[in-house]
Amino acid sequence: MAISLTDRAVRLRLRAIAALHRAGSGHAAGALSMADLLTALFFGEMRLEGEARDRFVLSKGHAAPILYAVFAELGWITQTELLSMRQSGSRLQGHPDRTALPLLDAGTGALGQGASVCLGYALAARLRGSISRNYCVMGDGESQEGQIWEAAMYAPAVGLDNVCFIIDANGYQNEGRTAEILSVAPMGPAWRALGWNVLEIDGHDIPGIQTALRQAREHRGQPSLILARTVKGKGVPFMERGNDWHCRVIDGERYAQAVVCLEAQLSDPSLRLVDESGAGGGM
Amino acid sequence: MEALRDALGKALVAAGHRHPDLVVVSCDVRTATRVQGFFKEFPRRSFEVGIAEANGVGIATGLALAGLRPFLTSFSAFITGKNVEIRSSIAYNRAPVVVVGTHGGLIGPDGATHAGLQDIAVMRSIPGMRVFQPATPLETRAMVEHLAGDRHMAYLRIGREVVPELLEPGYQFVPGRGVVLREGIDLALISSGSLVHVALAAAEQLSRERDLSIRVVNLPSLKPVDRSLIQRCVEETGLVVTVEDHDVSGGLGSIVAEVVGECPAPCQVHRHGLADVFISSATPEELARIHRLDAAGVAAVVLAVWDKHGGPRRKAHRPG
């Protein structure tokens with residue numbers, strides 16, 4: 001049975017919170033907000049194999065659990081390995097480490113840097129005449145970093161149209177609301193003014209994300225920016241309110257509640273994840 | 001006589017012909033860093049990122065991860081100031097980027113903001129980062145050729161001085177290997193980069209005037225460093241002076257002192273260079289005089305060290 005993208009996104013969330021619960025630390029809500037974006041990217045849009053495979057840089061490296069969840073869902077790593085995240089000896093570091101996990105196109109963690117690395121990949125692809133496309137997901141709070149704007153000026157200046165940046169605009173950062181801490185609004189007009197093909201979408205509407213990714217791919221002469229409005233903690237109701245779950249530990253009780261909420265969103269109970277570690281608890 | 005940055009520019013063009021994966025990233029100083037020749041010769045493999053060094057670091061990282069060999073070029077003071085970007089983008093990814101910092105040392109009237117005087121300390125603290133500094137035009141060419149064919153991350157520090165050639169044709173640069181430029185048994189004077197020429201002149205002067213036998217060592221590879229050569233200097237001379245156009249905290253002096261501290265034989269190390277200060281605007285010659293980094297200044301420092309530690313020790317060892 002082919003798994004629908006909606007079910008994929010729920011399974012990514014289930015995998016990510018399992019890893020976060022097991023780790024006892026990490027960033028839950030900012031990982032959940034981008035689950036639908038990664039679903040559309042990795043389960044349809046991106047060319048994942050071959051010489052001209054597309055590149056993906058997670059500039060908001062603290063959302064690593066959802067990217068590791070994608071790798072598990074793709075079968076590139078096991079669920080057992082996913083649950084080793086943040087533990088000594090694991091390839092799944094708290095923030096992505098490419099030297100430990102070569103599946104990653106870039107190790108990230110210090111905010112503001114991934115966009116530039118993505119541009120380096122894009123320049124290399126253009127130099128070689130490769131059709132490879134280059135994606136980078138960053139946060140709206142992360143856009144406070146000056147380097148993001150250096151990258152934002154550079155890509156249009158050199159006409160890099162094999163680049164698509166995606167802002168996971170969930171409206172929050174570590175200390176609170178991005179609009180209150182250091183507003184980067186209006187982001188759409190700002191990026192457009194610098195020469196980007198800006199597509200503003202609902203970051204949880206998977207068909208809408210797919211359409212935007214296709215429009216970005218077909219757009220020539222300019223880099224594309226998908227400004228995705230998202231909800232931090234999306235999919236787990238008690239995480240969707242406020243900013244409490246930026247990096248809060250998911251204890252056993254909360255984890256059980258989250259699993260119930262998420263499993264109820266699956267179209268078929270058989271799509272629930274099977275625990276490969278033998279530790280019980282529904283995962 | 002040739003400026004090392006001119007040697008750098010020519011060496012990059014030559015290496016560019018032999019290594020099709022070599023690319024250059026510039027941060028709006030391609031004339032001053034002398035990489036404009038590469039830009040002219042290989043426009044498609046040249047990337048001008050503007051006055052945006054952080055983005056330049058990231059772009060170089062992506063180019064390197066995609067299999068190319070980028071030389072990221074700017075003034076040493078500016079580019080090594082992007083510490084968290086170099087650390088987290090280049091080094092954390094073990095991306096094979098060569099960071100080239102020109103204008104290391106006492107650069108002259110542009111003053112403190114433009115002079116790279118802490119760059120070695122910053123760069124050598126980064127995991128996996130090699131640190132090299134050439135003393136002559138030939139050594140510059142040899143280093144560039146080595147780096148063009150290599151996949152390690154490295155920092156290449158280039159001074160602004162015009163210097164003569166010291167090395168024999170056919171000189172091969174080997175990471176981790178130092179070079180004895182002048183033999184001697186009383187004291188080892190260890191340097192790197194264009195200060196090597198000053199060290200040699202000071203050694204000649206002290207030989208003439210005081211009959212001192214001073215060994216002059218060039219350390220082009222600061223990380224990895226030639227531990228066995230430093231150890232030999234300790235065993236054979238028992239007294240070490242380092243001379244550098246960089247802060248003595250974290251630079252050549254620290255590097256040598258760390259190795260000497262791990263040697264079994266006790267040995268005094270005197271670190272001569274900039275000590276916790278910014279330089280000011282002046283000609284390079286005036287700055288060298290002010291900071292006692294000209295031949296007369298280095299000779300005076302070495303003599304003082306000799307009189308304090310070397311002479312008495314020798315008397316004790318060789319009574320009568």
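**Strands, helices and contacts in a predicted model**

Modeller: Let's start in chain B, where Leu187(B) stands opposite Ile214(B) in strand 11. Do keep in mind that this is a predicted model.

Colleague: Thanks! What makes strand 10 and strand 11 of chain B a pair?

Modeller: Two strands need at least two bridges to pair. Strand 10 (residues 187-191) and strand 11 (residues 214-218) of chain B are joined by 5 bridges, so they pass that test. The two strands run parallel.

Colleague: Why are strand 9 and strand 14 of chain B said to stand at the edges?

Modeller: The sheet is open and has 5 strands, in the order 9-11-10-13-14, with mixed pairing. Strand 9 (179-182) and strand 14 (268-274) of chain B each have a single partner strand, so one side of each has no neighbour in the sheet. From one strand to the next, the twist averages 25°.

Colleague: Which helices pack on that sheet?

Modeller: Helix 8 (residues 195-210) of chain B is one of them, touching strand 9, strand 10, strand 11 and strand 13 of chain B. The direction of helix 8 makes about 175° with that of strand 11 of chain B. Helix 10 (residues 252-261) of chain B also packs there, touching strand 10, strand 13 and strand 14. The direction of helix 10 makes about 150° with that of strand 13 of chain B.

Colleague: Over to chain A. How do you know that the span of helix 7 is close to what is expected?

Modeller: The expected span is 1.5 Å times one less than the number of residues. Helix 7 (residues 146-157) of chain A has 12 residues, and the expected value is 16 Å. From its first C-alpha to its last, helix 7 of chain A reaches 17 Å, which is close to that.

Colleague: How many residues of chain A are in contact with chain B?

Modeller: 21 residues of chain A are in contact with 24 residues of chain B. The elements of chain A that give two or more residues to this side are helix 6 and helix 7. Helix 6 of chain A gives the largest share, 9 residues.

Key
Residues numbered from 1 in each chain as written. Chains lettered and ligands numbered in written order. Predicted model: local features only at pLDDT ≥ 70, side-chain atom pairs only at ≥ 80, totals over all residues. Helix = DSSP H or I, 4+ residues; strand = E, 2+ residues; numbered from the N terminus. Contact = placed C-beta atoms within 7 Å. Axes fitted to C-alpha atoms, helices over the stretch in contact; angles between N-to-C directions.
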